[in-house]
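Trainee: Could we go through the surface of this protein together? I would like to understand the terms behind each label.
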Amino acid sequence: MARYLMLIRHVEDYRNASIPQALLDEMGDFVNEKLKSGVLTDTAGLQPSSQAATIRLARGKVSVTDGPFTEAKEVIGGYALINAHSRTEAIEIVTAFVEIHRRTWPEFECACELRPIEEEASESPAASVASERASS
């Protein structure tokens, strides 16, 4: 089974909107079902971009910029870690997530990016570093 990361992007103004109770109810059922089945391993909304920082490496220098990021049209509003047997299955899970929003909050607009997570230590620099530290 492969792991996938879903990033949910939307305009930040939704943070100030009243979330429909139908969305909360249906999403709660969806999340609980997926957690129990092991398809979903973690999910959460993110705090506003005013609480964020961007750490950037450019031209050999590291800089830190505090939010909010007014130039951003969309923000990453949340994430989910998914286990799926195939890319097709992962897309179906994300599509079901989006469909819940479409049915229960028609005004809401978002984009969900689905990315496979590298699994082999040889493909992941972070895993290689962690492995080296553990063996020392």
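Predicted model: local features only at pLDDT ≥ 70, side-chain atom pairs only at ≥ 80, totals over all residues.

Trainee: Why does Leu57 count as exposed?

Mentor: Exposed means over 50% relative accessible area, buried under 20%, and partly exposed in between (1.4 Å probe, protein chains only). Leu57 has 63% relative accessibility, so Leu57 counts as exposed. Leu57 is found in strand 3.

Trainee: What makes the nonpolar surface patch?

Mentor: Ile55, Leu57, Val62 and Val64 make the patch, about 450 Å² in area. Strand 3 (53–58) and strand 4 (61–66) are the elements that give two or more residues to it. Patch residues have over 30% relative accessible area and no salt bridge, with nonpolar side chains joined within 5 Å.

Trainee: What lines the largest pocket?

Mentor: A pocket is an open set of points on a 1 Å grid, where a 1.4 Å probe fits, with protein on both sides within 12 Å along at least five of seven lines; lining residues have an atom within 4 Å of a point. The largest pocket has 20 such residues, with His10, Gly45, Gly77, Phe97 and His101 nearest its centre. Its volume is about 470 Å³. Helix 1 gives the largest share of the lining, 4 residues.

Technical notes
Residues numbered from 1 in each chain as written. Heavy atoms only, no water. Patch = residues over 30% accessible without salt bridge, like charges linked within 9 Å, V, L, I, M, F, W, Y side chains within 5 Å. Areas by Shrake-Rupley, 256 points an atom, 1.4 Å probe, with all protein chains shown as cover. Salt bridge = Lys/Arg side-chain N within 4 Å of Asp/Glu carboxyl O. Points joined across faces, edges and corners; volume = space filled by probe spheres on them.
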